[in-house]
Amino acid sequence: MKIKTLTPVHIGSGSKLTRMDFIVRNGKVMVLNTPELFRALEGKGCDIIKIVDELSHRSLDDLAKDFDINAMNFKLYEAKLVGSVASEISEQIKTGKKPYIPGSSIKGAIRTAILWYIVKNSRSLLDFAIKCLEDLAKGRITSKVLKEADDKLEKKVFGKDPRKDFMRALKVTDSTSFSELTVYEIKILGSNIKGVCVECIDENDSTSIKIEIDERILADAEIASKLKEYELDCIEKIAEITREFSSTLIEKELTYNHYDDETQSIFKNIKSSRGMLLRVGWGAGWYSKTIGLLLETHPKFEDLRKKIGLGRSPRTKRVYDEFPKTRRVTIDGKPLGWICIV
(Lines give C-alpha, C1' and ligand atoms only; values in the text may rest on other atoms or scores of the structure.)
Protein backbone atom coordinates (compact mmCIF):
# COMPACT_ATOMS: atom_id res chain seq x y z
CA MET A 1 0.00 0.00 0.00
CA LYS A 2 1.06 3.61 -0.53
CA ILE A 3 1.21 6.07 2.36
CA LYS A 4 1.25 9.78 1.57
CA THR A 5 1.67 12.78 3.85
CA LEU A 6 -0.99 15.40 3.23
CA THR A 7 0.50 17.87 5.73
CA PRO A 8 3.78 17.89 7.72
CA VAL A 9 4.05 14.95 10.14
CA HIS A 10 6.16 14.87 13.30
CA ILE A 11 6.60 11.60 15.19
CA GLY A 12 9.06 12.42 17.96
CA SER A 13 12.07 10.28 18.80
CA GLY A 14 12.07 11.67 22.35
CA SER A 15 15.31 13.56 21.73
CA LYS A 16 16.03 17.20 21.00
CA LEU A 17 18.74 18.77 18.89
CA THR A 18 20.47 21.70 20.62
CA ARG A 19 22.83 24.41 19.39
CA MET A 20 25.63 21.88 19.88
CA ASP A 21 24.06 19.61 17.27
CA PHE A 22 23.22 21.88 14.34
CA ILE A 23 23.97 25.04 12.44
CA VAL A 24 21.69 27.09 10.19
CA ARG A 25 23.05 28.08 6.79
CA ASN A 26 21.31 29.29 3.60
CA GLY A 27 17.81 28.46 4.82
CA LYS A 28 18.75 24.94 5.90
CA VAL A 29 19.43 23.17 9.18
CA MET A 30 22.68 21.19 9.04
CA VAL A 31 22.84 18.47 11.69
CA LEU A 32 26.43 17.72 12.65
CA ASN A 33 28.46 14.85 14.03
CA THR A 34 29.25 16.90 17.13
CA PRO A 35 31.57 14.38 18.86
CA GLU A 36 33.80 14.29 15.78
CA LEU A 37 33.71 18.08 15.44
CA PHE A 38 34.64 18.54 19.10
CA ARG A 39 37.53 16.12 18.73
CA ALA A 40 38.77 18.16 15.79
CA LEU A 41 38.46 21.37 17.84
CA GLU A 42 40.37 19.81 20.74
CA GLY A 43 43.08 18.86 18.28
CA LYS A 44 43.42 22.57 17.51
CA GLY A 45 43.88 23.34 21.21
CA CYS A 46 40.29 24.49 21.75
CA ASP A 47 38.78 24.63 25.27
CA ILE A 48 35.51 22.73 24.69
CA ILE A 49 33.92 23.96 27.93
CA LYS A 50 34.49 27.55 26.77
CA ILE A 51 33.00 26.72 23.35
CA VAL A 52 29.86 25.31 24.96
CA ASP A 53 29.48 28.43 27.12
CA GLU A 54 29.76 30.67 24.05
CA LEU A 55 26.99 28.82 22.20
CA SER A 56 24.45 30.96 24.07
CA HIS A 57 25.40 33.96 21.90
CA ARG A 58 27.43 32.58 18.96
CA SER A 59 26.78 29.83 16.45
CA LEU A 60 28.81 26.64 16.37
CA ASP A 61 29.56 27.51 12.75
CA ASP A 62 31.28 30.77 13.74
CA LEU A 63 33.12 29.19 16.67
CA ALA A 64 34.53 26.46 14.42
CA LYS A 65 35.76 29.10 11.95
CA ASP A 66 37.81 30.68 14.77
CA PHE A 67 39.91 27.50 14.66
CA ASP A 68 39.99 27.28 10.88
CA ILE A 69 37.56 24.36 10.84
CA ASN A 70 34.63 24.08 8.41
CA ALA A 71 31.70 22.67 10.40
CA MET A 72 30.12 21.47 7.15
CA ASN A 73 32.80 18.77 6.94
CA PHE A 74 31.02 17.10 9.87
CA LYS A 75 27.47 17.23 8.42
CA LEU A 76 25.30 14.16 9.06
CA TYR A 77 22.23 15.38 7.16
CA GLU A 78 20.40 18.57 6.27
CA ALA A 79 16.80 19.75 6.28
CA LYS A 80 15.04 22.73 4.75
CA LEU A 81 14.02 25.30 7.37
CA VAL A 82 10.57 26.92 7.29
CA GLY A 83 10.49 29.77 9.78
CA SER A 84 13.24 30.38 12.29
CA VAL A 85 14.88 28.26 14.97
CA ALA A 86 15.92 29.34 18.43
CA SER A 87 17.77 26.87 20.63
CA GLU A 88 16.15 23.44 20.19
CA ILE A 89 14.60 21.21 17.54
CA SER A 90 12.51 18.15 18.41
CA GLU A 91 13.85 15.18 16.46
CA GLN A 92 11.77 13.06 14.12
CA ILE A 93 12.06 9.31 14.58
CA LYS A 94 14.32 7.85 11.89
CA THR A 95 15.90 4.67 10.66
CA GLY A 96 19.46 5.58 9.83
CA LYS A 97 19.12 9.21 8.81
CA LYS A 98 15.79 8.76 7.01
CA PRO A 99 12.37 9.48 8.61
CA TYR A 100 9.56 6.95 8.79
CA ILE A 101 6.17 6.54 10.47
CA PRO A 102 5.94 3.66 12.97
CA GLY A 103 3.22 1.10 12.45
CA SER A 104 2.20 1.61 16.09
CA SER A 105 1.34 5.28 15.38
CA ILE A 106 -0.83 4.30 12.42
CA LYS A 107 -2.52 1.43 14.21
CA GLY A 108 -3.19 3.68 17.20
CA ALA A 109 -4.95 6.20 14.95
CA ILE A 110 -7.00 3.41 13.33
CA ARG A 111 -7.88 2.07 16.78
CA THR A 112 -9.17 5.50 17.89
CA ALA A 113 -11.32 5.79 14.75
CA ILE A 114 -12.79 2.32 15.32
CA LEU A 115 -13.46 3.09 19.01
CA TRP A 116 -15.24 6.28 17.94
CA TYR A 117 -17.29 4.35 15.36
CA ILE A 118 -18.39 1.68 17.85
CA VAL A 119 -19.24 4.14 20.64
CA LYS A 120 -21.08 6.39 18.16
CA ASN A 121 -23.44 3.54 17.47
CA SER A 122 -24.00 2.62 21.12
CA ARG A 123 -25.56 5.07 23.59
CA SER A 124 -24.82 2.65 26.43
CA LEU A 125 -21.09 2.79 25.68
CA LEU A 126 -21.14 6.60 25.61
CA ASP A 127 -22.95 6.58 28.97
CA PHE A 128 -20.29 4.19 30.27
CA ALA A 129 -17.53 6.58 29.14
CA ILE A 130 -19.25 9.45 30.94
CA LYS A 131 -19.66 7.28 34.05
CA CYS A 132 -15.88 6.71 34.02
CA LEU A 133 -15.40 10.50 34.03
CA GLU A 134 -17.94 10.88 36.84
CA ASP A 135 -15.93 8.42 38.92
CA LEU A 136 -12.83 10.52 38.24
CA ALA A 137 -14.54 13.66 39.51
CA LYS A 138 -14.88 12.08 42.97
CA GLY A 139 -11.14 11.86 43.60
CA ARG A 140 -7.77 13.49 42.91
CA ILE A 141 -7.18 13.89 39.19
CA THR A 142 -3.84 12.86 37.73
CA SER A 143 -2.71 11.92 34.24
CA LYS A 144 -2.47 8.32 35.46
CA VAL A 145 -6.10 8.34 36.60
CA LEU A 146 -7.22 9.85 33.28
CA LYS A 147 -5.37 7.06 31.46
CA GLU A 148 -7.14 4.49 33.64
CA ALA A 149 -10.51 5.95 32.60
CA ASP A 150 -9.55 5.59 28.93
CA ASP A 151 -8.40 2.02 29.57
CA LYS A 152 -11.76 1.09 31.11
CA LEU A 153 -13.62 2.08 27.96
CA GLU A 154 -11.12 0.33 25.70
CA LYS A 155 -11.42 -2.87 27.73
CA LYS A 156 -15.19 -2.61 27.51
CA VAL A 157 -15.01 -2.37 23.72
CA PHE A 158 -11.93 -4.38 22.75
CA GLY A 159 -11.95 -6.89 25.63
CA LYS A 160 -10.18 -7.23 28.98
CA ASP A 161 -7.90 -10.01 27.77
CA PRO A 162 -5.27 -8.55 25.37
CA ARG A 163 -5.07 -11.96 23.69
CA LYS A 164 -8.73 -11.63 22.70
CA ASP A 165 -8.49 -8.01 21.53
CA PHE A 166 -9.89 -8.16 17.99
CA MET A 167 -7.51 -5.39 16.89
CA ARG A 168 -4.75 -8.02 17.10
CA ALA A 169 -5.97 -9.20 13.71
CA LEU A 170 -4.96 -5.92 12.08
CA LYS A 171 -1.27 -5.99 11.17
CA VAL A 172 0.46 -2.69 10.37
CA THR A 173 4.15 -2.51 9.53
CA ASP A 174 6.38 0.51 9.91
CA SER A 175 6.47 2.56 6.75
CA THR A 176 9.55 2.39 4.60
CA SER A 177 11.70 5.53 4.67
CA PHE A 178 10.43 8.87 3.40
CA SER A 179 12.73 10.93 1.24
CA GLU A 180 13.71 13.90 3.38
CA LEU A 181 13.06 16.11 6.38
CA THR A 182 11.91 19.70 6.81
CA VAL A 183 12.31 21.67 10.04
CA TYR A 184 9.21 23.75 10.79
CA GLU A 185 8.71 26.50 13.29
CA ILE A 186 5.40 25.80 15.02
CA LYS A 187 2.97 28.42 16.29
CA ILE A 188 0.35 27.79 18.97
CA LEU A 189 -2.99 29.32 18.03
CA GLY A 190 -5.22 30.56 20.83
CA SER A 191 -2.29 31.18 23.17
CA ASN A 192 0.55 33.58 23.85
CA ILE A 193 2.91 30.66 24.41
CA LYS A 194 5.89 30.69 22.09
CA GLY A 195 6.03 27.83 19.61
CA VAL A 196 8.78 25.29 19.09
CA CYS A 197 10.70 23.80 16.16
CA VAL A 198 10.25 20.22 15.00
CA GLU A 199 11.66 17.97 12.31
CA CYS A 200 8.86 16.81 10.02
CA ILE A 201 8.23 14.54 7.11
CA ASP A 202 7.00 17.22 4.74
CA GLU A 203 3.66 17.29 2.91
CA ASN A 204 3.22 15.37 -0.34
CA ASP A 205 5.92 12.82 0.44
CA SER A 206 5.08 9.17 -0.09
CA THR A 207 6.42 5.68 0.51
CA SER A 208 5.05 2.19 1.13
CA ILE A 209 3.48 0.36 4.05
CA LYS A 210 1.76 -2.97 4.61
CA ILE A 211 -1.65 -3.25 6.29
CA GLU A 212 -3.56 -6.49 6.34
CA ILE A 213 -5.93 -8.72 8.26
CA ASP A 214 -3.95 -11.61 9.73
CA GLU A 215 -5.80 -14.77 8.76
CA ARG A 216 -4.02 -16.75 11.50
CA ILE A 217 -5.59 -14.53 14.18
CA LEU A 218 -9.01 -15.08 12.58
CA ALA A 219 -8.65 -18.73 13.51
CA ASP A 220 -9.66 -17.56 16.99
CA ALA A 221 -13.45 -17.86 16.81
CA GLU A 222 -14.05 -15.15 19.43
CA ILE A 223 -11.93 -12.58 17.58
CA ALA A 224 -13.41 -13.54 14.22
CA SER A 225 -16.91 -13.17 15.65
CA LYS A 226 -16.20 -9.69 17.01
CA LEU A 227 -14.73 -8.51 13.72
CA LYS A 228 -17.74 -9.82 11.84
CA GLU A 229 -20.13 -8.19 14.34
CA TYR A 230 -18.61 -4.76 13.67
CA GLU A 231 -18.00 -5.51 9.94
CA LEU A 232 -14.27 -4.98 10.45
CA ASP A 233 -13.07 -8.09 8.69
CA CYS A 234 -11.93 -6.20 5.57
CA ILE A 235 -9.53 -3.30 5.00
CA GLU A 236 -12.10 -1.42 2.89
CA LYS A 237 -14.52 -1.13 5.83
CA ILE A 238 -11.72 0.06 8.14
CA ALA A 239 -10.77 2.70 5.55
CA GLU A 240 -14.40 3.82 5.40
CA ILE A 241 -14.49 4.24 9.19
CA THR A 242 -11.29 6.29 9.21
CA ARG A 243 -12.68 8.59 6.54
CA GLU A 244 -15.93 9.04 8.46
CA PHE A 245 -14.07 9.81 11.69
CA SER A 246 -11.66 12.18 9.94
CA SER A 247 -14.47 13.93 8.07
CA THR A 248 -16.28 14.55 11.37
CA LEU A 249 -13.04 15.74 12.93
CA ILE A 250 -12.40 18.18 10.07
CA GLU A 251 -15.91 19.60 10.30
CA LYS A 252 -15.19 20.27 13.98
CA GLU A 253 -11.82 21.85 13.21
CA LEU A 254 -13.45 24.19 10.68
CA THR A 255 -15.43 25.77 13.54
CA TYR A 256 -12.21 26.83 15.33
CA ASN A 257 -12.00 30.62 15.24
CA HIS A 258 -8.21 31.01 15.17
CA TYR A 259 -7.56 29.31 11.82
CA ASP A 260 -6.94 31.62 8.87
CA ASP A 261 -8.45 31.11 5.41
CA GLU A 262 -5.41 29.19 4.15
CA THR A 263 -5.56 26.65 6.99
CA GLN A 264 -9.30 26.20 6.53
CA SER A 265 -8.73 25.58 2.82
CA ILE A 266 -6.13 22.90 3.62
CA PHE A 267 -8.60 21.10 5.89
CA LYS A 268 -11.24 21.12 3.15
CA ASN A 269 -8.78 19.63 0.66
CA ILE A 270 -7.75 16.90 3.12
CA LYS A 271 -11.37 15.83 3.45
CA SER A 272 -11.53 14.77 -0.21
CA SER A 273 -8.64 12.29 0.08
CA ARG A 274 -9.17 8.64 -0.78
CA GLY A 275 -8.27 5.48 1.16
CA MET A 276 -7.56 5.51 4.87
CA LEU A 277 -7.53 9.07 6.13
CA LEU A 278 -5.73 9.45 9.46
CA ARG A 279 -4.14 12.05 11.71
CA VAL A 280 -1.03 10.89 13.52
CA GLY A 281 1.83 12.15 15.65
CA TRP A 282 2.58 15.27 17.62
CA GLY A 283 0.29 18.26 17.24
CA ALA A 284 -2.69 16.18 16.12
CA GLY A 285 -4.73 17.36 19.10
CA TRP A 286 -7.23 16.01 21.61
CA TYR A 287 -10.03 15.28 19.15
CA SER A 288 -7.76 13.11 17.00
CA LYS A 289 -6.57 10.90 19.84
CA THR A 290 -9.79 10.47 21.85
CA ILE A 291 -13.54 10.07 21.40
CA GLY A 292 -13.90 13.71 22.46
CA LEU A 293 -16.15 14.40 19.46
CA LEU A 294 -18.70 12.08 21.08
CA LEU A 295 -18.08 12.96 24.72
CA GLU A 296 -18.89 16.62 24.14
CA THR A 297 -22.33 15.69 22.76
CA HIS A 298 -23.32 14.22 26.14
CA PRO A 299 -25.29 16.64 28.37
CA LYS A 300 -23.12 15.85 31.40
CA PHE A 301 -19.75 16.30 29.74
CA GLU A 302 -19.17 20.06 30.06
CA ASP A 303 -19.71 20.11 33.82
CA LEU A 304 -17.56 17.01 34.23
CA ARG A 305 -14.80 18.49 32.09
CA LYS A 306 -14.57 21.50 34.39
CA LYS A 307 -14.66 19.34 37.51
CA ILE A 308 -11.78 17.14 36.39
CA GLY A 309 -9.84 20.09 34.99
CA LEU A 310 -9.68 19.30 31.29
CA GLY A 311 -8.60 22.58 29.72
CA ARG A 312 -6.99 24.03 32.85
CA SER A 313 -4.29 26.64 32.33
CA PRO A 314 -0.99 25.32 33.73
CA ARG A 315 -0.07 28.89 34.71
CA THR A 316 -3.27 30.35 36.19
CA LYS A 317 -4.99 27.01 37.02
CA ARG A 318 -8.19 28.47 35.57
CA VAL A 319 -10.32 26.09 33.50
CA TYR A 320 -11.02 27.65 30.11
CA ASP A 321 -14.57 27.88 28.82
CA GLU A 322 -13.29 26.85 25.39
CA PHE A 323 -11.83 23.34 25.16
CA PRO A 324 -9.52 22.43 23.59
CA LYS A 325 -8.39 26.06 23.48
CA THR A 326 -5.20 25.82 21.41
CA ARG A 327 -4.08 24.29 18.12
CA ARG A 328 -0.59 23.76 16.71
CA VAL A 329 0.13 24.64 13.09
CA THR A 330 3.30 25.34 11.13
CA ILE A 331 4.43 28.94 10.86
CA ASP A 332 2.85 29.01 7.37
CA GLY A 333 -0.48 27.70 8.64
CA LYS A 334 -0.41 23.97 7.88
CA PRO A 335 -2.17 21.63 10.33
CA LEU A 336 0.00 18.74 11.46
CA GLY A 337 -0.20 14.99 11.07
CA TRP A 338 -2.52 14.20 8.16
CA ILE A 339 -1.81 11.13 6.05
CA CYS A 340 -3.71 8.93 3.62
CA ILE A 341 -3.08 5.27 2.80
CA VAL A 342 -4.30 3.72 -0.47
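**Before starting**

The model is predicted: local features need pLDDT of at least 70, side-chain atom pairs count only at pLDDT 80 or more, and totals for chains, interfaces and linings use all residues. Residues are numbered from 1 along each chain as its sequence is written, and side-chain values use heavy atoms, with hydrogens and water left out.

**Stop 1: the whole chain**

Display the complete protein chain first. Its C-alpha trace spans about 70 × 50 × 40 Å along its principal axes. The chain holds twelve helices and 16 strands; helices (H or I, at least four residues) and strands (E, at least two) are DSSP runs, numbered from the N terminus. Of the 342 residues, 48% count as buried. Buried means under 20% relative accessible area, exposed means over 50%, and partly exposed lies in between (1.4 Å probe, protein chains only). Among contacts with a separation of 6 or more, 78% are between residues 24 or more positions apart; contact means heavy atoms within 4.5 Å.

**Stop 2: Ile89 in strand E6**

Select Ile89, which lies in strand E6 (residues 88-92). Is Ile89 buried or exposed? Ile89 is buried, with a relative accessible area of 0%. Next, display the residues in contact with Ile89; leaving aside neighbours within four places in sequence, these are Ser15, Lys16, Leu17, Phe22, Val29, Val183, Cys197, Val198 and Glu199. For one of them, Val29, the C-alpha to C-alpha distance from Ile89 is 9.9 Å, although the two residues are 60 residues apart in sequence.

**Stop 3: Glu185 in strand E10**

Move to Glu185, found in strand E10 (residues 181-189). Not counting residues up to four places away in sequence, Glu185 touches Val82, Gly83, Ser84, Val196, Cys197, Val329, Thr330 and Ile331. A distance may also be drawn from Glu185 to Ser90: their C-alpha atoms are separated by 11 Å, and the residues are 95 residues apart along the chain.

**Stop 4: helix H1**

Select helix H1 (residues 34-43), where Glu36 and Arg39 both lie, three residues apart, about one turn of the helix. Thr34 is also in helix H1. At 8% relative accessibility, Thr34 counts as buried, and it touches Met20 and Asp21 when residues up to four places away in sequence are not counted.

Now show the side chains of Glu36 and Arg39, which meet in a salt bridge (2.6 Å, N to O). A salt bridge is a side-chain nitrogen of Lys or Arg within 4 Å of a carboxyl oxygen of Asp or Glu. Side chains of opposite charge can pair when their charged atoms come close. Glu36 is partly exposed, with a relative accessible area of 36%, and Arg39 is partly exposed as well, at 48%.

**Stop 5: further salt bridges**

How many salt bridges does the structure hold? The structure holds 28 salt bridges. Select Lys94 and Glu91, whose side chains meet in one of them (3.3 Å, N to O). Both Lys94 and Glu91 are buried.

Then select Glu296 and Lys252, whose side chains form another salt bridge (2.9 Å, N to O). This pair links distant parts of the chain, 44 residues apart: Glu296 is in the loop between helix H11 (292-295) and helix H12 (301-308), and Lys252 is in helix H8. Glu296 is partly exposed, with a relative accessible area of 29%, and Lys252 is partly exposed at 26%.

**Stop 6: helices H8 and H9**

Select helix H8 (residues 235-253) and helix H9 (residues 261-271), which pack at an angle of about 165° with their axes 10 Å apart. Axes are lines fitted to C-alpha atoms, for helices over the stretch in contact, and angles run from 0 to 180 degrees between N-to-C directions. H8 and H9 are therefore roughly antiparallel to each other, a label for angles over 145 degrees. The contact is made by Ser247, Ile250, Glu251 and Glu253 of H8 and by Phe267, Ile270 and Lys271 of H9.

At 68% relative accessibility, Asn257 counts as exposed. Asn257 and Gly190 are 67 residues apart in sequence and 8.8 Å apart in space, C-alpha to C-alpha.

Definitions and conventions. Parallel < 35°, antiparallel > 145°, perpendicular 65-115°, else oblique.
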